[in-house]
Amino acid sequence: QVQLVESGGGLVQPGGSLRLSCAASGNIFSINAMGWYRQAPGKQRELVATITSRGTADYANSVKGRFTISRDNGKNTVYLQMNSLKPEDTAVYYCNAGGVQTTATSFRSWGQGTQVTVSS
């Protein structure tokens with residue numbers, strides 16, 4: 001079992017910043033890609049950003065230039081720095097990670113989600 005725990009959500013004014021963190025724990029042998037997704041009320045979950053184990057990042061067009069994804073492989077942790085936040089960024093943000101467990105089986109896990117609300 002691999003668990004993901006997110007933190008860092010909250011309420012912020014438009015133009016503000018937040019930093020989300022997601023720590024993976026459990027029977028981890030290796031983690032490949034890690035990423036952030038979000039789901040706004042009444043909408044489907046959408047990809048925000050992903051990062052490979054070597055640090056190659058990819059972003060949704062809606063967040064390019066404002067959000068930065070990074071990871072600390074030694075801590076099995078992925079971060080999402082969100083700047084210049086807009087009301088349309090309001091959503092529940094979910095962490096996702098995939099890799100191999102110590103049992104030599106693959107895994108893909110989701111965090112429980114953290115609420116981000118951008119409002120004045």
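**Descriptions and their grounds**

Tutor: At 24% relative accessibility, Asn76 counts as partly exposed, since buried means under 20% relative accessible area, exposed over 50%, and partly exposed in between (1.4 Å probe, protein chains only). Asn76 lies in the loop between S7 and S8. Please note that this is a predicted model, in which local features need pLDDT of at least 70 and side-chain atom pairs count only at pLDDT 80 or more, while totals for chains, interfaces and linings use all residues. Residues are numbered from 1 along each chain as its sequence is written, and side-chain values use heavy atoms, with hydrogens and water left out.

Student: What makes the phi of Asn76 worth a remark?

Tutor: Most residues other than glycine have a negative phi. Asn76 is not a glycine, yet its phi is positive, near 50°. Ser84 likewise has a positive phi, of about 50°, without being a glycine.

Student: Where is Ser84, and why is it called partly exposed?

Tutor: Ser84 sits in the loop between S8 and S9. Its relative accessibility is 40%, so it counts as partly exposed.

Student: How many helices and strands does the protein chain have?

Tutor: There are zero helices and 11 strands. Helices (H or I, at least four residues) and strands (E, at least two) are DSSP runs, numbered from the N terminus.

Student: Why is the protein chain said to be as compact as a globular protein of its length?

Tutor: The radius of gyration is taken over C-alpha atoms, and the globule rule is 2.2 Å times the number of residues to the power 0.38. For 120 residues the rule gives 14 Å, and the radius of gyration of the protein chain is 14 Å, close to that value, so the description applies. Of the 120 residues, 42% count as buried.

Student: What joins S9 to S10?

Tutor: Five bridges join strand S9 (residues 91–101) to S10, and the two run antiparallel. Among the partners are Ala97 and, in S10, Ser109. S9 and S10 form a hairpin with four residues between them, and Ala104 in the turn has a positive phi of about 70°.

Student: Which residues make up the two faces of S10?

Tutor: Phe107 and Ser109 form the covered face of strand S10 (residues 106–110), whereas Ser106, Arg108 and Trp110 form the uncovered one. In a regular strand the side chains alternate between the two faces of the sheet.

Student: How do you know that Cys22 and Cys95 form a disulfide?

Tutor: A disulfide is a pair of cysteine sulfur atoms within 2.5 Å. The sulfur atoms of Cys22 and Cys95 are 2.1 Å apart, and the pair therefore qualifies. Cys22 in strand S3 and Cys95 in strand S9 are 73 residues apart, and the pair links distant parts of the chain. Both cysteines, Cys22 and Cys95, are buried.

Student: Why is this disulfide called left-handed?

Tutor: The torsion about the S-S bond of Cys22 and Cys95 is about -80°, so the disulfide is left-handed.

Note on methods
Pairing = 2+ DSSP bridges.
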